[in-house]
Amino acid sequence: MGTRRWRRSTIAGALALAAGAIAWAVPVTTAAASDPTPIPIVLTPITVVTIGFDDGTADQFAALKKLNNHDMHATFFINSGPIAAGDPDHMTVDQLTALAAAGNEIAGHTVDHANIQPLPPTDAMHEVCDDRAQLEQWGFNPTSFAYPFGSWDANVEAIVQRCGYDSARTVSGVSIHVAKGKIGETIPPADPYATRTPPNPKKATKLSTMERYVTNAEDGVATTGQILWIQFVFHRYCPAHCGAYTIQPAKFKGLLDFLQAEQGKGLVTVQTTAQAMAMGVSPFAQP
């Protein structure tokens, strides 16, 4: 199945954030290097937004210009198989490298966009581990994973963790209806290997609907003092109809404009998946 790097997830050390959003850190001093006792740092409760693109299709590379124009970064969840095969409908390794050089996160999404939940463990490990190994061979450091079709269970979670990922993302679980469900994933998440999102936006999804997910989370943050996380998951990126899950460049710009305005008010911070997960991790001085 190719070279794999097995390691324990750093998320296993994540500490729950109390009301008031407490994170933990070690001061950078000589004393701290010998004393790993964490010192609490109070973070301002805020809504975290992650912009995600699944599958690594070729049209997604055009989103880089608008991300750069807004000084924002996204997480690109990549199926390495089509790229390794030179499929023209997918980005090239050079394009992935350009995305990473601009500050975007390159993450895992299986080799072949396979539904890994019903697969035998060996096949599932091939899809997850070998995808990650290929991304590493190309020079990336993938720590985030997204389940194709949002299909997962406890066994799949264990495989994703064993393959070296720190987190994994589903495709639902966050509701636009405040009274009917979760209005945002928490940081740290209840389950770092099954983080929740709004439904994937489609071509017909209104900009106002996406904005509402963010403002609902903002209201929840103000009410509870808990950091809340909204993960938008996009697929095709084109002005025409490229499939059911299409985001038009004009609408994407509108979303970034909105997020930029909310950032200016101090209500939102736009982070990659790895950055958002790091907010819930307790770092300790290493020996």
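Modeller: A strand is a DSSP run of E with at least two residues, a helix is a run of H or I with at least four, and both are numbered from the N terminus. The model discussed here is predicted.

Biologist: Why is tyrosine 245 called partly exposed?

Modeller: Its relative accessibility is 36%. Buried requires a value under 20% and exposed a value over 50%, with partly exposed in between. Tyrosine 245 therefore counts as partly exposed.

Biologist: Which residues does tyrosine 245 touch, leaving out those up to four places away in sequence?

Modeller: Tyrosine 245 touches Asn200, Pro201, Lys202, His235 and Arg236. The C-alpha atoms of tyrosine 245 and lysine 203 are 5.8 Å apart in space, although these residues are 42 apart in sequence.

Biologist: Which residues line the largest pocket?

Modeller: The lining consists of Asp54, Asp55, His109, His113, Tyr147, Pro148, Phe149, Val171, Asn200, His235 and Tyr245. The volume of this pocket is about 160 Å³.

Biologist: What makes strand E3 (residues 47–55) and E4 a pair?

Modeller: Pairing requires at least two bridges between the strands. E3 and E4 are joined over 4 bridges in the parallel sense, so they meet the requirement. Aspartate 55 stands opposite isoleucine 78 in E4. Between these strands the chain passes through helix H2 (residues 63–69), and this β-α-β crossover is right-handed.

Biologist: Which strand (residues 105–108) is joined to E4 by 4 bridges?

Modeller: That is strand E5, which runs parallel to E4. Within E5, isoleucine 106 is the bridge partner of phenylalanine 76.

Biologist: What covers the description of the two faces of E4: buried or exposed?

Modeller: In strand E4 (residues 75–78), Thr75 and Phe77 on one side and Phe76 and Ile78 on the other are all buried. Both faces are therefore covered, buried being under 20% relative accessible area. In E5, Glu105 and Ala107 point one way and Ile106 and Gly108 the other way, and all are buried.

Biologist: What makes strand E6 (residues 144–146) and strand E7 (residues 167–173) a pair?

Modeller: They are joined in the parallel sense over 3 bridges, and at least two are needed, so they count as paired. Serine 144 stands opposite serine 167 in E7. The chain crosses from E6 to E7 through helix H6 (residues 154–162), a right-handed β-α-β crossover. E7 also pairs in the parallel sense with strand E9 (residues 195–197) over 2 bridges, with arginine 169 opposite threonine 195 in E9.

Biologist: Why is aspartate 71 called exposed?

Modeller: The relative accessibility of aspartate 71 is 65%. The cut-off for exposed is over 50%, so aspartate 71 counts as exposed. Aspartate 71 is in the loop between H2 and E4, and its phi is near 55°, a positive value in a residue other than glycine.

Biologist: Why is threonine 110 called buried?

Modeller: Threonine 110 has a relative accessible area of 0%. This is under 20%, so threonine 110 is buried. Threonine 110 lies in the loop between E5 and helix H5 (121–137). Its phi is positive too, near 85°.

Biologist: What is the form of the peptide bond from isoleucine 187 to proline 188: cis or trans?

Modeller: That bond is cis, with omega near 0°. Proline 188 is located in the loop between strand E8 (185–186) and E9.

Biologist: How many helices and strands are there in the protein chain?

Modeller: The chain has 9 helices and 13 strands. Of its 287 residues, 51% are buried.

Note on methods
Residues numbered from 1 in each chain as written. Predicted model: local features only at pLDDT ≥ 70, side-chain atom pairs only at ≥ 80, totals over all residues. Heavy atoms only, no water. Buried < 20%, exposed > 50% of the residue type's maximum accessible area, 1.4 Å probe, protein only. Right-handed = clockwise from strand over helix to strand, strands pointing away. 1 Å grid on protein atoms, 1.4 Å probe; cavity = no way out; pocket = protein on both sides within 12 Å on 5 of 7 lines; lining within 4 Å. Points joined across faces, edges and corners; volume = space filled by probe spheres on them. Contact = heavy atoms within 4.5 Å.
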